[in-house]
Amino acid sequence: MRSSRTGAAHSPTGPSAADPSSITESDDPFLSRPGLPAGPGTRDWPAERGVGGAPAGACQEDGDGAEPLTESDAEAQVHGICFKTGPPGLLGVELEWLVFDGRDPAMPVDQHRAATAVARLGAPGALPGRGVLTTEPGGQVELSSAPAAGLGHCIAVTGLDLAALRQAIHQAGLCLSGQGLDPFRPPRRVLELPRYAAMEEFFDRAGPWGRLMMCSTASVQICVDAGGEGPGWSGFRWRWHLLHAIGPVLVAAFANSPLRGGRPTGWKSTRQAIWARLDPTRTRPPAHAEPAPECRSVRAWPPATDPRSAWVDYALAAEVMCVRRPGARDWSAPAGLTFRDWLRGAGERPPTNSDLSYHLSTLFPPVRPRGHLEVRGIDAQPGDGWVVPLAVTAALLDDPLAGEQAMAAAEALWHRPRPGDHGPGGSPHGWHPASPWWLAARHGPAHPVLAAASRQCFAAAEAALARTGGPAAVRQAVTAFADRYVNRDRCPADDLLDQAHTGRGYPLLPGLTTTLLEDRNGQEAQA
């Protein structure tokens with residue numbers, strides 16, 4: 001959930017020159033607000049804390065006059081903030097929505113119209129559940145919940161905020177659409193902040209995928225406490241590795257982005273396929289986070305590893321996306337400059353503590369450690385469908401038996417042979433085409449190994465929710481989703497494909513959908 005977007009919180013869908021810290025997708029730690037019931041996992045999450053623990057707005061004030069950061073200090077800072085440990089207790093969710101015209105979803109939506117519709121909800125405390133509204137570069141609206149002490153409370157407060165947002169949007173003749181990728185409109189950036197221009201330039205070096213990610217995608221992101229220091233099921237190491245092991249299952253089960261330009265792309269989660277084409281130094285999991293194919297047992301994995309040190313190496317090896325220049329419009333970074341290079345003297349000036357915090361906010365792995373853990377691989381869901389991935393993820397993490405069962409379910413998925421695997425960055429797009437992530441994006445639960453793992457994970461989650469006395473309506477929603485999709489080897493993307501096959505046509509966008517289809521066909525033999 002975001003807290004560094006001070007300007008965006010007051011004007012959630014309109015550009016603001018005073019808001020250079022806004023970024024695409026979710027990036028910041030939990031917001032702790034007065035009145036939030038204190039859960040057992042409550043820790044030092046001060047209100048309006050910025051990225052990586054920096055005060056909100058720090059990136060606007062810290063300039064070249066700030067004290068330079070040494071390499072050892074940078075390593076110590078990243079090591080110290082990535083996993084904030086303690087008994088897990090808090091839960092949050094971030095809901096991104098495409099904004100459509102209520103009469104024609106293929107029409108562009110004027111940004112001023114959307115900003116005006118939700119302006120009154122941008123004031124601090126305006127939302128009844130104490131959530132925060134922000135905007136994405138393409139005009140997508142994001143609702144970030146307040147951190148909640150448990151699943152039921154999280155769903156309740158988010159539901160209040162979402163009802164207020166929907167009412168404001170509908171009164172303006174607009175509607176919110178829960179799909180992972182805009183199925184009709186080409187990407188169009190509506191925010192003109194320097195960081196977005198720099199981000200766009202950075203991603204443009206590798207093709208059109210960055211613009212699609214920035215301007216056309218939407219997700220459900222789940223935020224959970226990291227966990228304790230111990231080795232057991234409530235420890236941060238177990239929770240970190242479990243989320244990576246079941247990550248492809250979540251991608252597959254909730255895949256909801258099969259269309260581009262009104263036509264099928266050949267992928268159940270085109271959003272995940274787009275992410276697979278972006279800079280692998282900031283989108284792939286860190287070392288040792290996911291099970292290795294040669295690992296004999298997922299349940300016995302991993303050996304003694306240090307997720308904190310792995311994240312330090314990952315963060316400093318990633319390329320710098322933008323260099324903040326207060327008062328300037330050009331924030332572009334030199335091609336190939338890693339943050340460690342910058343610390344060692346490359347670049348136009350020495351980096352500062354705020355530059356590091358800023359850099360960390362531009363890393364987008366499937367699970368991101370922000371003190372808490374942020375699960376990023378789930379497509380946006382229609383209606384109130386977001387409740388199901390939130391409940392399933394929370395149940396598998398917080399119930400020790402369910403977690404063991406889910407880890408066991410993932411074993412066959414990760415032990416599949418990967419022909420021609422050359423390690424990280426081995427494929428042209430940085431993700432191996434036979435990896436569980438790739439297969440989940442392409443097939444969803446129609447892939448037999450993913451189908452089996454999905455059914456086992458959902459059965460474990462349903463049982464855990466029953467054991468812990470989860471809200472009856474939530475348990476019913478999870479069961480209904482399993483009956484409609486998981487137990488039939490389907491996902492929400494299949495509903496959209498069924499509708500597309502009825503003959504409703506929109507012009508095919510050249511160069512994007514066709515590239516995805518050609519790439520899918522070209523990699524078929526390797527899976």
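Where in the protein is the place of Gln 381?

What we have here is a predicted model, in which local features need pLDDT of at least 70 and side-chain atom pairs count only at pLDDT 80 or more, while totals for chains, interfaces and linings use all residues. Residues are numbered from 1 along each chain as its sequence is written, and side-chain values use heavy atoms, with hydrogens and water left out.

First, the overall picture. The protein has 21 helices and nine strands; helices here are DSSP runs of H or I with at least four residues, strands are runs of E with at least two, and both are numbered from the N terminus. Of its 527 residues, 62% are buried, where buried means under 20% relative accessible area, exposed means over 50%, and partly exposed is in between, using a 1.4 Å probe and protein chains only. Now for contacts, meaning heavy atoms within 4.5 Å. Among those with a separation of 6 or more, 80% are between residues 24 or more positions apart.

Back to Gln 381, then. The loop between β9 and α14 is where Gln 381 sits. Is this residue buried or exposed? Gln 381 is buried, because its relative accessible area is 2%. Its side chain reaches the backbone oxygen of Phe 254 at 2.8 Å, and a polar atom of that side chain lies 2.9 Å from the backbone oxygen of Asp 379. Setting aside residues up to four places away in sequence, Gln 381 touches a list of residues that includes Trp 97, Gly 178, Asn 256, Trp 386 and Phe 481.

Another glutamine is worth a look. Gln 179 is in the loop between β4 (174-177) and α6 (194-204). Gln 179 counts as buried because its relative accessibility is 12%. Its side chain makes a polar contact with the side chain of Ser 177 at 3.0 Å. By polar contact I mean a pair of N or O atoms within 3.5 Å; within protein, one must be able to donate a hydrogen and the other to accept it, and residues adjacent in sequence count only if both atoms are side-chain atoms. Gln 179 and Trp 97 are 82 residues apart in sequence, yet their C-alpha atoms are 7.4 Å apart in space. Leaving out neighbours within four places in sequence, Gln 179 is in contact with Leu 98, Phe 100, Ala 218, Asn 256, Ala 380 and Leu 496.

Let's move on to the strands. In β8 (residues 367-370), Val 367 and Pro 369 point one way, Arg 368 and Arg 370 point the other way, and all are buried. In general, side chains in a regular strand alternate between the two faces of the sheet. Strand β8 pairs with β9 (residues 372-379) in the antiparallel sense over four bridges; for two strands to pair, DSSP must find at least two bridges between them. Arg 370 stands opposite His 372 of β9. One residue lies between the strands of this hairpin, and Gly 371 takes a positive phi near 90 degrees there.

Glu 374 is buried, because its relative accessible area is 0%.

Now a helix pair. Helix α8 (residues 236-253) and helix α14 (residues 387-398) pack at an angle of about 145 degrees, with axes 11 Å apart. Those axes are lines fitted to C-alpha atoms, for helices over the stretch in contact, and angles run from 0 to 180 degrees between N-to-C directions. From α8, the contact is made by Arg 239, Leu 242, Leu 243, Ile 246 and Leu 250, and from α14 by Thr 393, Leu 396, Leu 397 and Asp 398.

Elsewhere, helix α13 (residues 353-360) is mostly covered, with seven of its eight residues buried. Among the buried ones are Asp 355, Tyr 358 and His 359.

Last stop: backbone angles. Most residues other than glycine have a negative phi. Arg 130, in the loop between α4 (111-118) and β2 (132-135), has a positive phi near 70 degrees. His 288, in the loop between α10 (280-283) and α11 (307-317), has a positive phi near 65 degrees. Arg 130 is partly exposed because its relative accessible area is 41%, whereas His 288 counts as exposed because its relative accessibility is 53%.
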